[in-house]
Amino acid sequence: MTDSKRFFALTLLAVVLHVPVSAQVDLSGSWAYRSLLGNVGGPRPVDYEGLPLNDAGRARALSYSESQLSMPERQCMFYAPTYLMIGPFGIKMWNETNPDSGITIAWKIAAWEDRAPMTIWMDGRPHPSKNAYHDKGGFTTGVWEHEILTTYTTHMKANMIRRNGTPSSDQTTMTVHFIRHDDLLTLTATVEDPIYLSEPIHWTRMFQLDPEAPIASAGPPCTQADEGPPEGAVPHYLPGKNPFIDEMTRLYNIPEEAVLGGAETMYPEFRKKIKDKYVIPGKCVRDCGTPTGR
Amino acid sequence: MAPRSNSTSRKSRSGWLLVAVAGLLSVPLADAQAPAAGRGGPPQSPKAAAPIDLTGYWVSVITEEWRYRMVTPGPGDYLLIPMTLEAKSVADAWDPAKDEAAGNQCKSYGAAGVMRLPERLHVTWQDDTTLRMDIDSGTQTRLYHFGDWKAPNGDATWQGDSLAQWERAGSLKITTTHLRGGYLRKNGVPYSENANLMEHYDVVHERNGETWMIVTTTVRDPRYLRLPYITAAQFKKEPDASRWDPTPCSSRW
């Protein structure tokens, strides 16, 4: 064999053998939401347990009124890509390939009606300058780490990390690991925000492949409508005036120091701090999840 | 542009050859992530073949479903669990004092519920084919048996019999049966002795240097669950045992 032929044979072999190493898992398809988490219907307005909010984050969260979502300017604002981890929807994924080489250059995650589509660039391109425009979909790159797709998102718009106004700044970054086991897809994410969080927050949620319930590739168009707030007004609560601050305590006996969150509320030892203050509440009468059927 | 000399071309080609050979050599490295037997030698033990390191101390970090996990929720609060009506009737009769009197205060610390509790884990290799997980909450121990381990005859237990298998993806798959009936949630949502459990353990490394263990769990129980109950728990690696805090089972807290 000539040098030339040997070179091409070796190169071809290396490339062929490398394909399974760098693209082992097919993530394409419609993945139904399977996390039975507490936010299906949305959290209560002041429910920050397990969020590592710093003082600024807590103050900002307490100023939030859910009526802001009815403002014409905000009805079509969209959630940030962190909504992938806190929203109640399934996801649709597909890959886009270079037509010449067949190599995946990006994974796409379809939009929801309130979240922009995400593109996960797999071609090694760098993230833009920190001064670049922040898009609704952020800027995301991905790499395969064995059979786990690890993505990193920057350039998100300021938004929230729980659907009750707990804030995230435009400096927030998110790392997500996509882990597939047969028909289950686990997403586990670390979100860092130097403005509103005292330490990173970590979420994990599950999806299940569901070819019988295909998810649309694009959400419906958002149409603004008059939902009531007067033009020019921003619904909010002044410091100390949020009327929901004791709702979790009244309904579930959760002590206020837990309700208001903070990094310590994420860890087991926090239980010692509230042990003498918590009493098991009476029988559930509202949003109890009573089963139906057999 | 000047034509490339033969010498340059040969150097370039040699470079590509090196790249190609390096690529070839890297394939076995990647392949070795799978728990393959030693090539040409005796099979590797599950311990030696472990594609991920689960050993060490881990702390549960509870950022969602907080009021169902960090404290005992009130009776009748069953939101998010796909339970049957029969399960509801059992749960409606939940009485922690009765559990205590019957010596059943560990019902919420069984394998189908314990991984969702606030706790720390200590994972070690008990021997070459058994991974051991000590749990400080409720002072429980789970044993994951690799290979052709046969479960001993005997009564069902809180932690059941767990078979372990490394998966090619660098993940640990656990199948658990022979469980003593317990609680999925501390307020008495039951799983029966017919429940079985499938878990996947994965390890991910974060940009900030943290290492996390992710446990994805599917509980199937034809008696008390209408659908598979799929949950995940996340554990952050800790450097040492300084926060290890064994506590007994409790029916109320």
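This is a predicted model: local features need pLDDT of at least 70, side-chain atom pairs count only at pLDDT 80 or more; totals for chains, interfaces and linings use all residues.

**Stop 1: a loop in chain A**

Select A:Asp182, which lies in the loop between strand S9 (173-181) and strand S10 (184-192) of chain A. A:Asp182 has 11 other C-beta atoms within 10 Å and is therefore exposed. Most residues other than glycine have a negative phi.

**Stop 2: chain A as a whole**

In what order do the strands of the chain A barrel run? The barrel closes with 9 strands in the order S1-S2-S3-S4-S5-S6-S9-S10-S11, and its pairing is mixed. From one strand to the next, the twist averages 30 degrees.

For one pair within chain A, select residues 91-97 (strand S2) and residues 104-109 (strand S3), which pair in the antiparallel sense over 5 bridges. The bridge partner of A:Thr97 in S3(A) is A:Thr104.

Next, select helix H2 of chain A, residues 55-62; its buried residues are A:Gly57, A:Arg60, A:Ala61 and A:Leu62. Strand S8 (166-168) of chain A is included in what covers the buried residues of H2(A).

Of the 294 residues in chain A, buried residues make up 34%. Among the chain A contacts with a separation of 6 or more, 61% are between residues 24 or more positions apart.

The mean pLDDT is 89, and 89% of the residues of chain A reach 70 or more. Residues 13-21 of chain A stay under 50 in pLDDT, and the model has 10 contacts for them beyond four places in sequence.

**Stop 3: the barrel of chain B**

In chain B, a closed barrel of 9 strands runs S1-S2-S3-S4-S5-S6-S9-S10-S11, with mixed pairing. The twist here averages 30 degrees from one strand to the next.

Begin with strand S1, residues 56-60 of chain B. Is this strand largely enclosed or left open? Because 4 of its 5 residues are buried, S1(B) is largely enclosed by the rest of the structure. Strand S2 (residues 120-127) of chain B pairs with S1(B) in the antiparallel sense over 4 bridges; there, B:Trp58 has B:Leu121 as its bridge partner. S1(B) also pairs with S11(B), again in the antiparallel sense and over 4 bridges, and the bridge partner of B:Ser60 in S11(B) is B:Phe235.

Continue to strand S10 (residues 211-220) and strand S11 (residues 229-238) of chain B, which run antiparallel and are joined by 8 bridges. Within S11(B), B:Ala233 stands opposite B:Val215.

**Stop 4: the nonpolar core**

Select B:Ala112, B:Leu184, B:Val189, B:Met213 and B:Val219. These are the residues with the most contacts inside the largest nonpolar core, which has 102 residues. Centre the view on B:Leu184: beyond its neighbours within four places in sequence, its contacts are B:Ile81, B:Ala112, B:Gly113, B:Val189, B:Tyr191, B:Val219 and B:Tyr229. Over chain B, buried residues make up 43% of the 253 residues.

**Stop 5: two further positions in chain B**

Select B:Leu80, in the loop between helix H2 (66-69) and helix H3 (85-92) of chain B. Its phi is positive, near 85 degrees, in a residue other than glycine. B:Leu80 has 19 other C-beta atoms within 10 Å, so it is partly exposed.

Finally, select B:Pro96, in helix H4 (residues 96-101) of chain B. With 21 other C-beta atoms within 10 Å, B:Pro96 is buried. Which residues are in contact with B:Pro96, leaving aside its neighbours within four places in sequence? They are B:Ser251 and B:Arg252. B:Ser250 is 154 residues away from B:Pro96 along the chain, yet their C-alpha atoms are separated by 8.8 Å.

How values were computed
Residues are numbered from 1 along each chain as its sequence is written. Chains are lettered from A and ligands numbered from 1 in the order in which they are written. A nonpolar core is a set of buried Ala, Val, Leu, Ile, Met, Phe, Trp, Tyr and Cys residues joined through C-beta atoms within 7 Å. A residue is buried if 20 or more other C-beta atoms lie within 10 Å of its own, exposed if 12 or fewer, and partly exposed in between; C-beta atoms are placed from the backbone. Two residues are in contact if their C-beta atoms, placed from the backbone, lie within 7 Å. Two strands pair if DSSP finds at least two bridges between them. Helices (H or I, at least four residues) and strands (E, at least two) are DSSP runs, numbered from the N terminus. Axes are lines fitted to C-alpha atoms, for helices over the stretch in contact, and angles run from 0 to 180 degrees between N-to-C directions. pLDDT is the predictor's confidence in each residue, from 0 to 100.
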